[in-house]
Amino acid sequence: MPKKNMAKDFLIKNGMDVPFFIIMLVVLAVGLVMLLSASYIYSFHLSPNGDSLYYFKRQTGIAIFGVILMWFGSHLNYKYLSLVSTLGWLGSLVLLFVTVLKGGGDINRWIYIGPIGFQPSELAKFFLIIFLAYGLNKDRKKILSNKSSQAPWAVKITELTKGSIKITSATSTLFFYAFIVAFTAGMVLIGSHLSGAILIMLIGITMLWMGECKASWFAIGGVVALIVLVYVIFNYEDLPLKEYMIERIRAWRIKDYQPDDARWQINHSLYALGSGGLLGAGIGNSKQKYLYVSECHTDFIFSIIGEELGFVGCVMILILFGVLIWRGIYIGMRARDRFGALLAFGMTSQLALQVVFNIAVITDTVPNTGIPLPFFSYGGTALFITLAEMGVILSVSRQADLKKVYSMKRAKAKD
């Protein structure tokens, strides 16, 4: 293939899905405004030189850089992501292993390069979605096949059971990708990031479902997961979890639990939400952000939103997220091919899961976990990777069966 044609195929100039792009920018802009409001007290007390805009300026810089790369990334043909799917996933595992060896403290989730921290688990989620999208698309015939699997382990089981147990290609393929998901989640869990591991498992399950794996396995898995969940809730004290994890579950189950102020953060989060009322106290007027809600500019930023914007403001933001998620799913449904559809579905499902879990935490519906609210919570790695994912979805939209908006220059050339 001539180099000129390869370059033309690598870069896509078709119009992107403008509604998705605009809604995403609106959510990002609102997120930065609310981060400024929620963070300036913490910035003043904890940042170098008492700079009240420290967190806001850093997040804004990352957002600008991320949007620029997202824009250029949206022009790249998403099909070429299949070439880096395996290497990217393996590379993220190496980085996760490095965090365990070197880490960034007692909880080994970060790699530090000077003063800059990087969270490999965010990269692992990104490349896992690409790896699964590529694999589930490539192995579709195996996923739908009822023929006996020729995988060595499947043949061995058949031989040991003298043919009484036969593993089909569909089952062996499902088990292979389920192992990939579980292994990735396990690596994240070793770094003491329980919430990240849970999120990766849910993303993987969602993609396996969208990849047309047999529904019967999901029914069985759902029953097993429910049994495990009930066991964990009632026997968490005896589980091999780190003490801070057990403490958070204990504080969630025992609402009047007092030692070491275990419920301080979640209680003040509920105070903030409750005091916001219908319309809120107004942007900048939160009282709970004055060092009451711990780290209110990160995972608990939605509680400050509730206090300042009230119930109406919270609902409006959730509607924006809902529209963005719906549009991402719609792009996947109209994608040119199955690989593009799985990419859009996977990255949109991650966004949806993070929103749901973040809201569940700050409302005390589930135990306190470290899942950020996309576009709102302070965190450079999470924001940068999220914007990269938005770029991939926009890349899918450029080749999808959607109404496009072209540049004036292209429109004139067409005329």
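User: How do you know where the axes of helix α14 and helix α15 run relative to each other?

Analyst: In this predicted model, the axes of α14 (residues 338-362) and α15 (residues 380-399) come within 9 Å and cross at roughly 145 degrees. Both values are given because two packed helices are described by the angle between their axes and the distance between the axes.

User: What is the handedness of the crossing of α14 and α15?

Analyst: The crossing is left-handed.

User: What makes α14 and α15 meet, residue by residue?

Analyst: A contact requires heavy atoms within 4.5 Å. On the α14 side, G340, L343, A344, M347, T348 and Q350 take part, and they meet E389, V392, I393 and V396 of α15. The residues of this contact divide into 6 nonpolar, 3 polar and 1 charged.

User: Which residues line the largest cavity, and what is their make-up?

Analyst: Its lining consists of Q354, P372, L373, P374, F375, S377, G379, A382, L383 and T386. These divide into 6 nonpolar and 4 polar, with no charged residues. α15 gives the most to the lining, with 3 residues.

User: How do you know whether the radius of gyration of the protein chain agrees with a compact globule?

Analyst: A compact globule of 415 residues would have a radius of gyration near 22 Å; the protein chain has 23 Å, so the two agree. The C-alpha atoms fill a box of roughly 70 × 65 × 45 Å along the principal axes.

User: How many helices and strands are in the protein chain?

Analyst: The chain has 16 helices and 2 strands.

Technical notes: Residues are numbered from 1 along each chain as its sequence is written. This is a predicted model: local features need pLDDT of at least 70, side-chain atom pairs count only at pLDDT 80 or more; totals for chains, interfaces and linings use all residues. Side-chain values use heavy atoms; hydrogens and water are left out. Axes are lines fitted to C-alpha atoms, for helices over the stretch in contact, and angles run from 0 to 180 degrees between N-to-C directions. Helices (H or I, at least four residues) and strands (E, at least two) are DSSP runs, numbered from the N terminus. A crossing is left-handed if the near helix is turned anticlockwise from the far one by less than a right angle, and right-handed if clockwise. Ala, Val, Leu, Ile, Met, Phe, Trp, Tyr, Cys and Pro count as nonpolar, Asp, Glu, Lys and Arg as charged, and the others, Gly among them, as polar. On a 1 Å grid over the protein atoms alone, a cavity is a set of points where a 1.4 Å probe fits but cannot get out, and a pocket is an open set with protein on both sides within 12 Å along at least five of seven lines; lining residues have an atom within 4 Å of a point. The radius of gyration is taken over C-alpha atoms; the globule rule is 2.2 Å times the number of residues to the power 0.38.
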